[in-house]
Amino acid sequence: MGERALVAVRGERGLDIYYAHRGGAEECLAQVLDAPVDGQLRALAGVTWRPRGRCEPATLSDRVDHLDTDVVYLVSTRGVTVYLPVWLGFAWPADRLTAGVLVRVETPRECRALRAMVRFWKDVCHEAIGLGWVDATLARDLFALALRVYCPPGRIRASGSSLGAEG
């Protein structure tokens with residue numbers, strides 16, 4: 001894992017975005033997922049974050065490079081919500097930044113399970129593409145369907161979707 005992360009802090013004027021190369025490290029991620037709010041904030045404060053601008057909540061997924069970012073933390077008065085970026089594509093994208101979704105996870109176990117599921121389906125789809133059974137567009141649709149079936153309702157945030165009550 002590259003351990004790259006974004007943290008989006010909800011404020012009066014939208015979301016303030018910060019980046020850290022080591023923000024997605026397993027130790028930090030586990031602390032955020034396992035701790036009460038004050039422990040979550042302490043874990044994130046232990047990382048060096050660099051400003052990346054501001055955006056509206058509905059455009060957060062558009063600001064995430066789904067190939068290069070491992071974790072997105074959304075900080076609000078309710079605590080920290082954790083999202084894993086999942087890139088849906090299978091060919092080098094022209095739309096690299098927006099060809100993905102954010103999937104909310106609540107426990108380290110859910111995080112590991114989602115990553116294993118993504119690896120499995122990506123491998124299956126890449127093999128099917130290599131054998132000529134499907135093209136990249138159909139593979140993307142099949143992968144998106146598998147992700148939708150796998151994830152509990154309300155956990156997937158696509159480009160332009162509201163972050164809802166949890167964020």
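Strands β4 and β5 pair in the antiparallel sense over five bridges, where strands are DSSP runs of E of at least two residues, helices are DSSP runs of H or I of at least four, and both are numbered from the N terminus. Two strands count as paired if DSSP finds at least two bridges between them. β4 and β5 form a hairpin with two residues between them, and S76 has G79 in β5 as its bridge partner.

Before I go on, this is a predicted model: local features need pLDDT of at least 70, side-chain atom pairs count only at pLDDT 80 or more, and totals for chains, interfaces and linings use all residues. Residues are numbered from 1 along each chain as its sequence is written, and side-chain values use heavy atoms, with hydrogens and water left out.

Now the overall layout. The chain has five helices and seven strands, and along the sequence they follow the pattern β-β-α-α-β-α-β-β-β-α-α-β. Of its 167 residues, 48% count as buried, meaning under 20% relative accessible area, with exposed over 50% and partly exposed in between, for a 1.4 Å probe and protein chains only. Among contacts between residues at least 6 apart in sequence, 65% join residues at least 24 apart, a contact being heavy atoms within 4.5 Å.

Next, the sheet. In what order do the seven strands of the open sheet stand? The order is β3-β2-β1-β4-β5-β6-β7, with mixed pairing. β3 (50–55) and β7 stand at the edges with a single partner strand each, so one side of each has no neighbour in the sheet.

Taking the pairs in turn, β1 and β2 (residues 14–20) are antiparallel over seven bridges, and A5 stands opposite A20 in β2. β1 and β4 run parallel, joined by five bridges, with A8 opposite L74 in β4. β5 and β6 run antiparallel, with six bridges, and V82 stands opposite V105 in β6. β6 and β7 (residues 156–157) are antiparallel too, joined by two bridges; there V103 has I156 in β7 as its bridge partner.

On to helix α4 (residues 108–130). Its 23 residues reach 33 Å from first C-alpha to last, close to the 33 Å expected at 1.5 Å a residue; the expected span is 1.5 Å times one less than the number of residues. Which residues of α4 are buried? They are P108, C111, L114, R115, M117, V118, K122, C125 and A128. They pack against α1 (26–34), β4 (71–76), β5 (79–87), β6 (100–105) and α5 (136–150). Just after the helix, G132 takes a positive phi of about 80°.

T69 sits in the loop between α3 (60–63) and β4 and is buried, at 9% relative accessible area. Beyond its neighbours within four places in sequence, T69 is in contact with R4, A5, L6, V64 and P85.

C28 is buried at 6% relative accessibility, and C151 is buried at 9%.

Finally, how many disulfides does a search of the whole structure find? The count is zero, taking a disulfide as a pair of cysteine sulfur atoms within 2.5 Å.
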